[in-house]
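Please keep the sequence and the coordinates in view while reading.

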Amino acid sequence: MQFTVENRPDFAEVQGVGRLNMVSAPKLREVIAGVVAGGRTHVVVNLGGTDFMDSSGLGALIGCLKLARQAGGDLRIANVQPQVRMVLELTNMNRVLTPYDSAEAAFSPRGDSRD
Amino acid sequence: MTDVLAEVSRSGPATAETVDALHDDLDRLWAAADFVPDLDRMAFATAVIEAASNVVQHAVPSRESVQLGVDISVRPHRLHARILEIGAAPASVELAGEHGDDEEAESGRGLALIRALVSTVTFERRGADNVWVLWRDAPGATS
């Protein structure tokens, strides 16, 4: 899985392309820990290119969410694909990691853009 | 004997790399069995990867190392997987229990996810190996 980080005015956008599984989950933690340590505590993980996520990947997202919140920020997910949505719903973690339509909508001041 | 419409197999060391290769095997399987509905593919593939990842993370070798052996088949109206922990010490897997409600837990959701994704899952000792068997009823899976 390949990760890229883009600094937007209001948040850092992390894009992951590939499978978020036991191989790539530690890399995601590392990337986001770096982003948060660099002072960007509002993070959007754009999952538009993530076609698979298992419980290891989900665990990594939860760990990153805690990290961002501990630093005074937040982590949100956007652009989720059907398999990722299925895993979030079956584990009820969509209550904690609510999918947003787009990275821009995730920290929109209107806050009503959840899909 | 139930008709097998398509199948793939993999064996290798119980490592993350073998699980990654299993993803590619599943993609090949669905290419060969394109009549299997998307939802069934997605659910079953997720359950198989969860079980294989569980082997990599938790199986304890009885002697030197654990080998992962996976046979997956598409049968009329059903998807089937047998996942072998070859050379693993006897173990028990809690397939009936409930996952706790700790929303902040970073692990421990894999077994609950498998149960939610398949019709039947069993884990038992056979000879020197532990064996997972996963079935998913897939009424639309017919060529």
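Glu94(B) touches Leu111(B) and Arg115(B), leaving out residues up to four places away in sequence; contact here means heavy atoms within 4.5 Å. Glu94(B) sits in the loop that runs between strand S3 (78-86) and helix H3 (110-117) of chain B; helices (H or I, at least four residues) and strands (E, at least two) are DSSP runs, numbered from the N terminus. With a relative accessibility of 52%, Glu94(B) counts as exposed, where buried means under 20% relative accessible area, exposed over 50% and partly exposed in between, for a 1.4 Å probe and protein chains only. From Met42(B), Glu94(B) is separated by 52 residues in sequence and by 24 Å in space, C-alpha to C-alpha.

The model is predicted: local features need pLDDT of at least 70 and side-chain atom pairs count only at pLDDT 80 or more, whereas totals for chains, interfaces and linings use all residues. Residues are numbered from 1 along each chain as its sequence is written, chains are lettered from A and ligands numbered from 1 in the order in which they are written, and side-chain values use heavy atoms, with hydrogens and water left out.

Helix H2 (residues 38-58) of chain B has 21 residues and reaches 30 Å from its first C-alpha to its last, close to the expected 30 Å at 1.5 Å a residue; the expected span is 1.5 Å times one less than the number of residues. H2(B) is mostly covered, with 16 of its 21 residues buried. Ser53(B) lies in this helix and is buried, its relative accessible area being 2%. Apart from neighbours within four places in sequence, Ser53(B) is in contact with Met22(A), Asp54(A) and Val19(B).

Two packed helices are described by the angle between their axes and the distance between the axes. Axes are lines fitted to C-alpha atoms, for helices over the stretch in contact, and angles run from 0 to 180 degrees between N-to-C directions. Helix H1 (residues 16-32) of chain B packs against H2(B) at about 160°, with the axes 10 Å apart. H1(B) is therefore roughly antiparallel to H2(B), a term for angles over 145 degrees, while those under 35 count as roughly parallel, 65 to 115 as roughly perpendicular and the rest as oblique.

In chain A, the axes of helix H1 (residues 25-37) and helix H2 (residues 55-70) come within 9 Å and cross at roughly 15°. H1(A) is therefore roughly parallel to H2(A). The residues of their contact divide into 10 nonpolar, 4 polar and 1 charged.

Most residues other than glycine have a negative phi. Asn92(A), in contrast, has a positive phi near 65°. Asn92(A) is in the loop between helix H3 (82-90) and strand S6 (99-100) of chain A and is partly exposed, at 40% relative accessible area. His77(B) likewise has a positive phi, of about 70°. His77(B) occupies the loop between strand S2 (67-75) and S3 of chain B and counts as partly exposed at 39% relative accessibility.

Conventions: Nonpolar A, V, L, I, M, F, W, Y, C, P; charged D, E, K, R; others polar.
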